[in-house]
Amino acid sequence: MMATEPASLESLRVLLHNTDFIVVDKHWDIRIDSKMWYEKLTVQEQLRHSFPELADPSTYYGFRFCHQLDFSTSGALCIALNKAAAGRAYRCFKDRTVTKAYLALVRGWVEEETQTLDLSIGKNSSEGKTHMMCIEGTEGCQNPKPCQTELMVLEYGLYDGDPVTKVLLQPLTGRTHQLRVHCSAIGHPIVGDFTYSSGADVAPYRMMLHAHLLHIPLEPQPLLVSAEDPFHPSVDPKWLPQRSLRTLTATVETLLEQREEKELKKKEEERERTRQEEERRRSSRKQRTEEESEEQRRQCQEWLSEWAGD
């Protein structure tokens, strides 16, 4: 099936499948799951269709989705196949040790080649926009929370004649619509993002946001999966790359190396804290022992003095 065609029950692409997890390349126009009885085409139903034996009747949806992707976002989506595996993955997401990287085409040419987008995001309470998120300081922005996204420019080019930039986005936090809101906030909304272009960007066949990389540091074997880059002229001839700054492969390798170094540093710091805490405990035990010995010596001297007096 062509990548530009709508999803179907049979269009499920599997990236990894073992006893604990299945990772699929989610299509760009499909929900993960739905409570609506009339919504028959979801990733949940695709899984039931392709792997009916894997569905767990003890769960609401039949499958344990480890994380979420927006309806219009494609790419790597991880599903746990048992409760224990789900718990292990959940701890990694909770501890923020999971590495995710997304590919996107954004409007305009992004001048700053690497940057950290540090903009708090809250829910938009404005009338007609309650399904949206917004940047702190925006009218109607409720309960904004700190959010960070790393942005790296890969290529400059044109989409349907208009200037666009191909970027790799790494969310360091996990707020709803974070990447879409951050890109829009810096004046470079994602190509085809109907919601955050105020309904203006309707010409592209899809929103150009793709979950390319997923790394979950499970023990003893980490889960590392990448979903193929869909933003190629062979897939969509309207996208015309003109100048490349860095390759996707090299950029991802650097990202993973930096994450590994960060984790090693964190483990070393934890070991040092443990060592210092143990040192404090030993010092405290030694002090108590010395105090107890001094008390015993004093009591002994008192007893000897009383005995001598007798």
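**Figure 1. Aromatic pairs in the predicted model.** Two aromatic pairs are present in this predicted structure. In one of them, the ring centres of Trp 28 and Tyr 205 lie 5.3 Å apart with the planes at 80 degrees, so the arrangement is edge-to-face. Trp 28 belongs to the loop between strand 2 (21–26) and helix 1 (43–50), while Tyr 205 belongs to the loop between helix 3 and strand 12 (209–216); the pair therefore ties together parts that are 177 residues apart in sequence. Trp 28 is buried, at 10% relative accessibility, whereas Tyr 205 is partly exposed, with a relative accessible area of 25%.

**Figure 2. The pair formed by Tyr 60 and Tyr 61**. Tyr 60 is exposed, at 62% relative accessibility. Tyr 61, by contrast, has a relative accessibility of 18% and counts as buried, because the cut-off for burial is under 20%.

Figure 3. The buried residues are Gln 178, Leu 179, Arg 180, Val 181, His 182 and Cys 183. Just after helix 3, Gly 187 adopts a positive phi of about 85 degrees.

Figure 4. Gln 178 is located in helix 3, which covers residues 178–185. With a relative accessible area of 3%, Gln 178 is buried. When neighbours within four places in sequence are left aside, the residues in contact with Gln 178 are Ile 121, Cys 147, Gln 148, Thr 149, Pro 171, Leu 172 and Thr 173.

**Figure 5. The whole protein, as context for the close-up views.** Four helices and 14 strands make up the secondary structure elements of the protein. Its radius of gyration is 27 Å, well over the 19 Å that the globule rule gives for 310 residues, so the protein is more spread out than a compact globule. The C-alpha trace spans about 110 × 50 × 45 Å along the principal axes. Of the 310 residues, 41% are buried. Among contacts with a separation of 6 or more, 65% join residues 24 or more positions apart.

Key: Residues numbered from 1 in each chain as written. Predicted model: local features only at pLDDT ≥ 70, side-chain atom pairs only at ≥ 80, totals over all residues. Heavy atoms only, no water. Helix = DSSP H or I, 4+ residues; strand = E, 2+ residues; numbered from the N terminus. Rg over C-alpha atoms; globule rule 2.2 N^0.38 Å. Buried < 20%, exposed > 50% of the residue type's maximum accessible area, 1.4 Å probe, protein only. Contact = heavy atoms within 4.5 Å. Phe/Tyr/Trp six-rings, centres within 6.5 Å; stacked < 30°, edge-to-face > 60°.
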